[in-house]
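Have the sequence and the 3D view open side by side. We will walk through rings, cores and a sheet.

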Amino acid sequence: MKILKYMLGMCCFMAVVYACTEDENSTDFLNDIAAPSNVSVLAVVTPDNTGLVTLTPSGEGATKFDIAYGDGSEDATDLIPGSSTQHIYEEGSYDILITATGINGAVTAVTQTINVAFIAPQDLLVTIENDAAISRQVNVVATADFAINYEVSFGDADNTSLMANIGEAVSFTYDAAGTYIITVTAFSAAIETTTYTEQFLVTEILQPLVAAPTPPNRNDDDVISMFSNSYALDVDVSSWRSDWSTSTLSDIQINDNDTKFYADADFVGVEFYGDAAVDATEMEFFHVDFWSLNATTFRIKLVDLGGTATEAEIVFEDIPQNEWVSLEIPMSDFLDAGMTSISSIQQLIFSGLPTGTFDFFIDNVYFYRTPTTYMPLLSDDFEGNGNIDSWTADALSIDINAPNVVNESINTSLTVLEYIDDGSGQYANVRFESDAVFDLASNSNFALKIYVPSSSVTGSQPNQISLKLQNNNLGGNAFSTQTEIIKPIVLDQWQMVTFDFATDPFINFDGGSPDPVNRSDLNRVVIQVNSENNFDAVTAYIDDFSYGPQIPAELPPFAMDDFEGNGNITNWTGDQATATTDVSNPQITGINYSSNILLYEDTGGQYANVQFSVTPKFDLMDKSKFTLKIYVPSSSVTGSEPNQISLKLQNTDLGGNAFSTQTEIIKPIVLDQWQQITFDFAVDTFINFDGGSPNPVDRSDLDKVVIQLNSENNFESVTGYIDDFKYH
């Protein structure tokens, strides 16, 4: 796509959708909505000796509140979010019951105590602190005897004041660091108040508190690295700050990660001449991680000095501050911006605004392309190829260079791992330790080949293989951290067995550990044949063990659209909504700086959606994910429908009754931000319209995608900008 200016503004988002005809009125999806959370009430007392208290309830996901005042008087009921109720209390202590009800009737009840006293607050204690992670944010907590609430005046130019219940925290972010007069006033039911004032120095956080994000694992051939702890360096950079720059360069470490810091930056030249020149013709992207306290604009220029000099610059505006931003620039954008060659790049120039006075940090500077092959992170073929060198046996014997006694079928290699459990080992297994903990959120799959001769098996144990992950750091107690997947095996034949901790059923030894993909403590692999805790014998031959990316070639159908002319979806249509596929991007910001998007306009259609179909039908066992970016401006939304996006799959063969075959995933979204949403029918919660259809990954009849904003069966309006749709 042709882009000369990038606009950035970080965001996050989740979404939900529901689409069909007027005959479709199911509300089963409401059952999956959680009960209201973070329920509380702000109690503000009128300091006039009357005992008048204003109660304002709040809670995420609540559609109404009931308040029991705690003094035996009639409750306040059906309060909508944002509304308040007032009540006059006698002097005393009261337990207020706040009951929040969600859209599906789910209820959350919380009790909160207030003390009403007609004497001024006593023993006011105030804590004022700079936030440890957010620059220029100040956190205040006040406690006092007899107080119900307190107010903080922050002394900024706008005279900002915030209220909270006594003992609860108040936070405020200043526009600039400096010394401010902060005043805290505590209120009881008495006319008299109690006040505390402090001159407080608000500080900036001048550097990242955490290292830049770790780049994905990539093959060496797919990366040309200039600076990164994650990749071997490919470029001999002669200077990271050219002579013409007046900025100051410092090499620092953040959480043991090498990082470069430029102070008072102007035009910073990075030079790599001669044999170090980069031929990026096979690369698809340029990447750098960027962090700045005060940059409003950041520019990246590539200069090719081979033959006729050529250069191009990409500009990022409104770049987020005080956080790491991963900048990914397609190499085609440099070509579109004027470069005629990228075969001999010898200079990289960083600049920005305010020139000469902005400071920035960078890490992970490299060119890369989509993987041409996917190599395992850990592997062993027992032929001398692989990176596992710590195979160990527990209560059995192993030979990691044993001859393949059954050289046939899917395994014709010469040597294998021989696993001999003669029955004397009650907990026999083989294992190895990884140098790093497993990141199962990114790479969750293990695979191996196995052959078990029936003649080696004694007893009546189940024919199975277990793959267990443990925390080796606990030594003899590593088993207590164990998570395990068990798979059946067939005797007397080679078979490939895969273990995927993101999708397969697993067993946590202690029953209470988190989902494996949410853990970061596992670094040992244990393999066990024919179950645990027995004295039966079994011999197994194991080969071609691997952990990590095993990405199969994608099969049809292919469905993607970036609305820049790249893609294969040609039949976008609107149903009670418009779907316009060539609209200029009105929000070039955040994670989306492309030129064009799909405009989704629902002006009040009861079952409004946009949709397309594919040929052949979806094979969700092969590919289960749909990803898109979306932005919904709050100004376009009417009514009180949930902010959500739904992706539904249907069977077009049924024509007007396609909705009856529907399976759907609903996700929440955030307004006024670009966000990327992934719908995965292999792992996400789905809703089948008829309630009786099989799991989507077991179906072969689905070929229509339906996208719907802000729920089904309503006459409210909503506009959405959709981009970078992909089925993968």
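One aromatic cluster is formed by Phe382, Trp391, Phe432, Phe438, Phe446, Phe501, Phe545 and Tyr547. Rings of Phe, Tyr and Trp (its six-membered ring) pair if their centres lie within 6.5 Å; planes under 30 degrees apart count as stacked, over 60 as edge-to-face and the rest as tilted. Before going on, note that this is a predicted model: local features need pLDDT of at least 70, side-chain atom pairs count only at pLDDT 80 or more, and totals for chains, interfaces and linings use all residues. Residues are numbered from 1 along each chain as its sequence is written, and side-chain values use heavy atoms, with hydrogens and water left out.

The structure holds 42 aromatic pairs. Take Phe350 and Phe360: this pair is edge-to-face, 6.0 Å centre to centre, with 80° between the planes. Phe350 lies in strand S24 (residues 345-353) and Phe360 in strand S25, 10 residues apart. Strands here are DSSP runs (E, at least two residues), numbered from the N terminus. Phe350 is buried, with a relative accessible area of 0%. Phe360 is buried too, also at 0%. Buried means under 20% relative accessible area (1.4 Å probe, protein chains only).

Now turn to the largest nonpolar core. It has 41 residues, and Met226, Phe286, Ile300, Phe334, Leu348, Phe360 and Phe367 touch the most other members. Strand S25 (residues 358-368) gives the largest share, 5 residues. A nonpolar core is a set of buried Ala, Val, Leu, Ile, Met, Phe, Trp, Tyr and Cys residues joined through side-chain atoms within 4.5 Å. A second, separate core has 33 residues, including Leu440, Ile489, Phe499 and Ile542.

Two rings carry a charge. The charged end of Arg218 sits over the ring of Tyr368, 3.8 Å from its centre. The charged end of Lys487 sits over the ring of Phe499, 5.7 Å from its centre. The test is NZ of Lys or CZ of Arg within 6 Å of the ring centre and within 35 degrees of the ring normal.

S14 and S15 pair over 9 bridges, in the antiparallel sense. Two strands pair if DSSP finds at least two bridges between them. Val184 has Tyr196 in S15 as its bridge partner. Thr185 is in strand S14 (residues 178-187). Thr185 is buried, with a relative accessible area of 14%.

Methods: Buried means under 20% relative accessible area, exposed over 50%, partly exposed in between (1.4 Å probe, protein chains only). Helices (H or I, at least four residues) and strands (E, at least two) are DSSP runs, numbered from the N terminus.
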